[in-house]
Amino acid sequence: MNVSRLSIQKMIAITALAMAIPMSAQAGHHEGGDKKPHSEMRRHHQGEMGMLKKLDLSDAQQTRIDQIMKQQKETMKATMADRRSQRDEMKSLVEQDAFDAAKAERLITQQQDRERASKMSMLRTQHEIYKVLTPEQREKAKVMRAQWKEKMSERRSKNRDEAAKPL
């Protein structure tokens, strides 16, 4: 996921709204360096937002989810500041006359640790929101999520087929 292209609000919404997926299935969702184009991330966000609206949350549920998302927003703000700082350090490392392999290793390790912590925070947020839903809402969300994923898969397949056509 290209964090620099998404607003923190969208990141939080995407993170929080994936709560209907069982945690074991969601854990591997973005592994393997899956980088989606900005337009696809926007469609993902819009699909997830539509699902949340269709769950008919009570006022108490909505209030609790808003609180959870506010906490995640603060975490994401801090993470974004750290990432910007680290990008600057990496750029500085590249621009030096001599390459400092030890510093590069430290920066890479810090980046991996920060990414691991970020994923943990996202999963924790998803879990907290998932706990807010009733069993019926959880089941409804799973069904909607499966339908949405199928629709997106068909759209990607169609786009690939059109791109492969000769001009």
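This is a predicted model: local features need pLDDT of at least 70, side-chain atom pairs count only at pLDDT 80 or more; totals for chains, interfaces and linings use all residues.
**Entry 1**
I looked up Glu-128 and found a relative accessible area of 23%, so Glu-128 is partly exposed. Lys-131, at 46%, counts as partly exposed too.

**Entry 2: the overall layout**
Which elements does the protein chain have? I found 6 helices and 0 strands, and from the N terminus on they read α-α-α-α-α-α. Next I turned to contacts between residues at least 6 apart in sequence, and 82% of these join residues at least 24 apart. I put the accessible surface of the protein chain at about 10,800 Å². Carbon and sulfur atoms hold 51% of that surface.

**Entry 3: salt bridges**
I reminded myself that side chains of opposite charge can pair when their charged atoms come close. How many salt bridges are there? My count came to 5.

I looked at Lys-140 and Asp-56, whose side chains meet in a salt bridge at 3.8 Å, N to O. Lys-140 lies in helix α6 (residues 135-164) and Asp-56 in the loop between α3 (38-54) and α4 (59-94), so this pair ties together parts that are 84 residues apart in sequence. Asp-56 is exposed at 60% relative accessibility, whereas Lys-140 is partly exposed at 35%.

My next stop was Glu-115 and Arg-83, which meet in a salt bridge at 2.9 Å, N to O. This pair links distant parts of the chain, with Glu-115 in helix α5 (residues 101-132) and Arg-83 in helix α4, 32 residues apart. Is Arg-83 buried or exposed? I found Arg-83 buried, with a relative accessible area of 14%.

Then I went back to the residues of my first entry. Lys-131 forms a salt bridge with Glu-128, and their closest N and O atoms are 3.4 Å apart. Both lie in helix α5, 3 residues apart, which is about one turn of the helix. I also saw that Arg-64 joins Glu-128 and Lys-131 in a network of salt bridges.

**Entry 4: rings**
I searched the whole structure for aromatic pairs and found 0. What sits over the ring of Tyr-130? I found the charged end of Arg-138 there, 4.4 Å from the ring's centre.

Conventions:
Residues are numbered from 1 along each chain as its sequence is written. Side-chain values use heavy atoms; hydrogens and water are left out. Rings of Phe, Tyr and Trp (its six-membered ring) pair if their centres lie within 6.5 Å; planes under 30 degrees apart count as stacked, over 60 as edge-to-face and the rest as tilted. A charge sits over a ring if NZ of Lys or CZ of Arg is within 6 Å of the ring centre and within 35 degrees of the ring normal. Helices (H or I, at least four residues) and strands (E, at least two) are DSSP runs, numbered from the N terminus. Contact means heavy atoms within 4.5 Å. Accessible areas come from the Shrake-Rupley method with a 1.4 Å probe; for residues, only the protein chains shown count as cover. A salt bridge is a side-chain nitrogen of Lys or Arg within 4 Å of a carboxyl oxygen of Asp or Glu. Buried means under 20% relative accessible area, exposed over 50%, partly exposed in between (1.4 Å probe, protein chains only).
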